[in-house]
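Have a look at the picture, then read on.

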Amino acid sequence: MTTPPLFPSLANPALFKAGDPPLCIHHCNTPHTDVQKLSTFLLLANDCGAIGVAAAFSSKGVIKTLALACQDQILLISMDAYHGTAGKKKKIQAPKMLQADLLKNTGLVKLGFDMERIALALYFDHRYHISMAVDAQSLRYHPEDWKRYTDQAYLEVLGGERLLHKENVLRVVRSEGTDDNDQETLSLRAYLAWKISTLPQYSRQRSTFKSICTQRDASDLLVLGKSARDADRLRLLQPVRVKNDVAAEFTVDKSGRVQIGLERYKTRVRQVDTQRILVETTSPNQESALVGRATYVEGKMAHITLNSPIEGTIRSVHTIGKAYTNAELERIGIILAALHRTTTVLSQPLVRSIFYSEPTALTIDDPSSPAQKLSPTMYTTRALNTSQALAVQRILSSRPTDNLCLVQGPPGTGKTTVIAAAVTSLVGNPEYQETRHVWILAQSNVAVKNVAEKLADVGFFDFKLLVSNEFHFEWHEHLYEKIRRNVIVSTMLSDNAVAIDRLLLGSRVILCTLSMLCHPMLMRTGVTRLVPLEVVLVDEASQIEIGDFLPMLHKFGRDIRKLAFIGDQKQLAPYGAEDIKDLRSIFEVDHLAKAALFLGRQYRMPVPIGDFISREVYGGRLSTQHDIKDKNCCKFIDVEGQEAFKGGSYQNIKEVHAVMHIVRRFEREGKSFRVITPYDAQRALLEKTLRDEGLPWEDKCFCVDSFQGNEDDHIIISVVRSAKTGFLSNLRRSNVMLSRCRKSMTICTRRSYLSKVARKTLLGKLAAELGDDAWISWRDLLNGKW
């Protein structure tokens with residue numbers, strides 16, 4: 001059955017070697033007149049019993065076009081045109097047919113790649129339900145299996161490479177539906193999904209398929225839809241092409257693999273099947289980039305298999321494609337399981353407290369009230385202030401209403417002190433009748449390491465820190481020297497229960513990143529059985545998007561007795577928050593944030609800086625206890641430099657020269673210092689210049705975003721920008737930048753820039769408050785008159 005195409009047909013899709021029919025593509029963008037197209041398609045679909053489904057999404061993840069395929073017919077439905085029409089009292093016939101006769105038809109199987117994304121977007125964006133929807137990759141692979149996104153997985157689902165024009169098929173299925181203008185690829189993606197229903201393996205396995213039905217509780221769909229949407233948008237922010245910092249020289253082993261040295265952890269080459277490596281050389285015989293894959297990576301060495309022999313030296317290496325993390329895969333798996341109704345995670349009390357808009361019973365009680373029996377705090381290192389003591393008591397409380405609690409800790413208020421006091425009290429309190437097990441989690445390895453060092457500082461060593469070999473070996477081993485005996489690198493883990501028991505040595509406190517906790521290997525080793533997640537403390541929780549907690553809650557939520565979040569919504573937000581305005585951390589969940597306990601005294605920053613931060617960022621709630629009260633603790637260097645766009649970031653060469661003068665003086669005076677800057681290109685240039693000039697450079701230069709939780713006696717800041725506010729327009733990031741020093745802060749920037757363009761920023765306000773006496777001229781800097 002065919003109908004006249006309203007769009008040029010695809011004469012030769014060239015996807016299957018046995019041949020494909022010309023595809024007729026029909027647009028449905030006028031609900032009042034699309035009835036005939038939908039009726040004709042429906043007759044064909046009912047005869048086949050299955051249709052293929054694909055979708056195109058906007059840059060914000062909103063579903064824009066829905067593609068339906070059956071045999072040689074493709075419908076491209078504009079969801080903007082159909083939005084809201086199905087729910088009107090006087091229903092327009094075409095949207096009603098789309099909803100009731102196609103999408104909700106339980107006798108019609110809907111096949112699609114990444115079907116969970118399509119099903120949730122249909123409801124989340126347009127309130128359309130779908131039933132009997134089958135995720136194509138799940139026909140062969142478990143939802144949490146990373147292989148479901150490999151080329152091999154797509155080929156296997158479609159019958160195997162021998163049946164297919166491999167490159168054409170992969171081009172279609174690799175598309176993530178982010179280009180609404182590429183309607184040809186969208187049509188072919190739906191057609192490929194339908195073709196699965198014609199394969200012999202489909203008929204054999206049909207009785208075992210798990211299907212998605214979104215005709216269920218609306219609040220569940222909104223929670224799942226928001227989590228899936230946030231994950232999609234965060235993934236869209238990830239670059240498709242990344243420049244890898246590598247050494248120019250290389251070696252070739254006996255098997256022909258190229259061995260290259262990696263120079264920076266952040267841009268390292270990774271061994272991922274879904275990514276390709278492009279290598280450009282200086283050889284005139286190799287005008288185009290060589291293509292290959294990383295077959296082995298360990299530490300700072302990567303082995304790459306290329307499509308042809310390499311010549312000359314390496315000019316550049318780029319990674320092409322995106323890779324799913326274990327946490328991302330587990331999140332997708334949980335969403336699919338919820339849609340398949342094979343998990344009860346959405347009914348967990350902790351999940352409902354966090355993700356649903358139901359009010360909780362969280363309260364902050366007066367500790368002197370006789371109605372509440374206080375647990376003794378076992379912390380003798382130093383006296384806790386009032387707000388710290390209240391926070392520790394809240395964490396120790398065994399009241400059911402306190403099983404989930406939040407502690408907001410501005411810079412320098414002793415968040416790690418609170419964690420240390422809570423841990424020593426939970427583990428060392430003789431009044432407890434049962435053994436307590438504690439897990440301390442954070443988003444970054446550095447934050448985890450900082451907590452571990454704090455525990456060591458107070459004499460508590462009964463803990464183990466789990467760290468991935470990828471992060472540790474050759475890259476960051478030096479960070480763990482102080483706690484080396486407490487570190488377990490991932491390569492030390494095994495399935496041997498006796499060996500794991502010996503590694504843990506009876507420790508009841510485990511520290512690791514949230515992503516490490518999500519790693520499948522950790523479950524296999526039995527660590528979480530020997531040290532169950534009973535009390536969980538999450539540091540820097542304001543940097544974690546709440547959807548990232550789903551894997552932990554899915555696995556351990558019913559066993560967790562206490563879940564405490566420590567962070568500060570006035571400091572760094574979750575990654576992507578600037579682009580995704582409604583992205584939330586636990587501290588942006590209103591009904592939870594209202595009950596957060598505020599740590600109200602800071603000890604890090606000198607008084608002039610601390611008082612300024614308190615007034616401008618925390619509404620005057622933050623008091624300062626510090627010996628330095630002189631305004632000279634903060635100085636500005638007037639640098640007439642110019643910002644320059646470089647490699648997707650910014651540099652300011654004259655500010656680099658200014659920093660070198662300051663570093664030389666600090667070195668002569670034996671001062672402990674760090675250099676921080678908002679821009680990675682400037683950080684790289686600062687580090688290179690320090691190294692070239694024979695000055696200390698290792699572990700000296702940082703981007704602001706990677707320095708939260710860190711501090712030093714003296715902080716040097718290179719602002720970089722001179723024409724636009726850029727980074728400075730973000731209050732939270734500026735707060736982090738200006739709150740790192742214990743004794744002094746020296747800021748390199750242009751005076752006219754802060755007094756004009758950036759005068760309303762936090763930094764501009766600080767310069768105005770400190771006045772003329774805070775400024776050092778370029779000449780005085782060169783002459784050492786400061």
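## A hairpin and its neighbour

Let's start at Gly261, whose bridge partner in strand 13 is Met301. Two strands count as paired if DSSP finds at least two bridges between them. Helices (H or I, at least four residues) and strands (E, at least two) are DSSP runs, numbered from the N terminus.

Strand 13 also runs antiparallel to strand 12 (residues 290-298), and six bridges join them. Here Val297 stands opposite Ala302 in strand 13. The hairpin of strand 12 and strand 13 has two residues between the strands, and Gly299 takes a positive phi near 60° in that hairpin.

## Where the numbers come from

This is a predicted model: local features need pLDDT of at least 70, side-chain atom pairs count only at pLDDT 80 or more, and totals for chains, interfaces and linings use all residues. Residues are numbered from 1 along each chain as its sequence is written, and side-chain values use heavy atoms, with hydrogens and water left out.

Lys464 stands opposite Ile510 in strand 19.

Which residues does Lys449 touch, leaving aside its neighbours within four places in sequence? Lys449 lies in helix 14 (residues 445-457) and is in contact (heavy atoms within 4.5 Å) with Leu465, Leu479, Tyr480 and Ile483. At 9% relative accessibility, Lys449 counts as buried (under 20% relative accessible area, with a 1.4 Å probe and protein chains only).

Helix 14 also meets helix 13 (residues 415-428): their axes come within 9 Å and cross at roughly 60°. The contact is made by Thr416, Thr417, Ile419, Ala420 and Val423 of helix 13 and Val451, Lys454 and Leu455 of helix 14. The axes are lines fitted to C-alpha atoms over the stretch in contact, and angles run from 0 to 180 degrees between N-to-C directions.

## The annotated stretch

UniProt, in an unreviewed entry, places the feature "domain: DNA2/NAM7 helicase-like C-terminal" at residues 587-749. UniProt positions are given in the numbering used here, feature names are shortened, and annotations may be inferred rather than shown by experiment. Over residues 587-749 the chain is 31% helix and 25% strand, with the end C-alpha atoms 33 Å apart.

Key
Buried < 20%, exposed > 50% of the residue type's maximum accessible area, 1.4 Å probe, protein only.
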